[in-house]
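Hi,

Here is the structure I promised to pass on. Have a look first, and then read on for what turned up in it.

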Amino acid sequence: MAERTRVTLAHVAAASGVSVTTASLVLTGRARELRISEAAEQRVRSTAHELGYRRGGGDTRAGLSRTIGFVLGAEPDLEGDTVKGAVEVAYRRGFMLFVGETGGDPAVERGLVEALRDRRADGVVFAGGRPATGGRPDVLWYGPAVVLGAPGSGLPSVVPDEVRGGRSAARVLVEAGHDRGVHLVGAGRRDAADRLAGLRQVFSGAGVEVAGVHPCPEWTPERGYDVTKDLLRRHRPAALVCFDDRLAFGAYEALAEAGLSVPGDVSVLGFGDHPAASWMRPRLTTVALPLRELGERAVEVLVELVEGRGSRTPLVHRVPMPVRGGGSVARAR
């Protein structure tokens with residue numbers, strides 16, 4: 001088997017059109033303090049990523065270590081099944097996966113990624129839970145990396161297909177004949193924008209009346225209860241689309257307190273496939289976050305990059321969100 005071509009700092013500098021000193025300063029995080037232009041900094045980082053440059057051991061030894069890192073940040077939903085999916089794919093592809101948790105602390109994130117690089121990890125999956133404008137640790141540019149759950153970082157990312165998930169949710173109600181009295185609970189958050197867009201696309205095409213949009217700054221049972229109780233003081237909805245299953249849990253409680261049944265009086269639909277969804281009576285119909293599939297796809301994309309087969313891979317990989325059927329949506333009367 002032919003050895004993988006060794007990528008050195010000199011290669012990065014030449015391809016970026018800068019000196020080796022400038023490239024070194026950028027890749028050690030000292031560009032800003034030494035007033036290297038933002039354009040030059042971005043060019044060096046992009047080139048290093050494209051060439052697969054790795055600081056430390058990656059600059060002095062050829063070949064692969066067959067190890068990759070999985071860095072968990074402040075996104076609890078991405079634990080458990082996501083890590084299991086990542087571990088399974090890594091094992092099948094002949095890689096050892098090291099998992100580290102940072103609690104969302106940027107200093108810990110940077111230290112953990114640097115430690116992985118220094119130990120010659122071939123690449124890193126970063127599940128930091130940052131918003132699209134929140135960026136990622138600069139140290140990720142030192143070698144192959146995939147960001148899980150946060151597009152817009154400039155690195156390959158793996159995300160749930162929230163727009164298609166919204167469309168799927170809307171179709172559940174449309175196919176059940178709901179064309180009026182539909183209320184959306186939990187819209188208004190930035191991380192709900194794609195779900196809302198998908199819902200509106202299908203509702204608009206089907207002539208469905210969205211009777212109310214109710215923002216919730218927090219997706220908790222308490223918020224779902226409060227919003228639903230306030231709504232019931234004014235009129236009775238035909239259907240509730242809750243942007244998180246925890247909101248739906250609170251909505252169930254408020255409806256029951258008002259003497260209304262699900263789905264006999266009000267249909268309820270959720271998002272997330274939270275463990276609580278299977279315990280709700282009737283079982284909540286929900287659009288699932290594909291946690292295991294996200295972990296699997298993130299490792300698949302990273303391995304393609306590490307093995308030099310990811311040069312044409314899309315920047316954003318969207319994983320479908322399946323509908324988990326339950327008994328909480330009934331035919332409209």
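Let's start with the sheet: six strands make up an open sheet, ordered E2-E1-E3-E4-E5-E11, with parallel pairing. Strand E2 (96-101) and strand E11 (316-319) are at the edges with a single partner strand each, so one side of each has no neighbour in the sheet. From one strand to the next, the twist averages 20°. (Helices, H or I with at least four residues, and strands, E with at least two, are DSSP runs numbered from the N terminus; two strands pair if DSSP finds at least two bridges between them.)

Before going further, a word on the basis: this is a predicted model, where local features need pLDDT of at least 70, side-chain atom pairs count only at pLDDT 80 or more, and totals for chains, interfaces and linings use all residues. Residues are numbered from 1 along each chain as its sequence is written, and side-chain values use heavy atoms, with hydrogens and water left out.

Back to the sheet. Strand E3 (residues 123-127) pairs with strand E4 (residues 145-148) in the parallel sense over three bridges, and Phe126 has Val147 in E4 as its bridge partner. Helix H5 (residues 106-118) lies across strand E1 (67-72), E2, E3 and E4, and runs at about 160° to E3. (Axes are lines fitted to C-alpha atoms, for helices over the stretch in contact, and angles run from 0 to 180 degrees between N-to-C directions; contact means heavy atoms within 4.5 Å.)

Next, helix H1 (residues 9-16). Which of its residues are buried? They are Leu9, Val12, Ala13 and Ser16, where buried means under 20% relative accessible area, exposed over 50% and partly exposed in between (1.4 Å probe, protein chains only). These four cover an arc of only 95° around the axis, which puts them on the same side of H1; the arc is that of the directions from the helix axis to the C-beta atoms. The buried residues of H1 pack against helix H2 (20-27) and helix H3 (38-51), while the face turned away from the buried side carries the exposed Ala14 and Ala15. After H1 comes Gly17, with a positive phi near 75°.

The peptide bond joining Val262 and Pro263 is cis, with omega about 5°, and Pro263 is in the loop between helix H9 (245-257) and strand E9 (267-272). Another cis peptide bond runs from Arg281 to Pro282, with omega near 0°. Pro282 is in the loop between E9 and strand E10 (285-288), and Asp273 is also placed between E9 and E10. Asp273 has a positive phi near 55° although it is not a glycine, and it is partly exposed at 24% relative accessible area.

Finally, the rings. A search of the whole structure gives one aromatic pair: Phe243 and Phe271, tilted, 5.9 Å centre to centre with 35° between the planes. (Rings of Phe, Tyr and Trp, the last by its six-membered ring, pair if their centres lie within 6.5 Å; planes under 30 degrees apart count as stacked, over 60 as edge-to-face and the rest as tilted.) Phe243 is in the loop between strand E8 (239-242) and H9, and Phe271 is in strand E9, so the pair ties together parts 28 residues apart in sequence. Phe243 is buried at 0% relative accessibility, and Phe271 is buried at 1%.

Cheers
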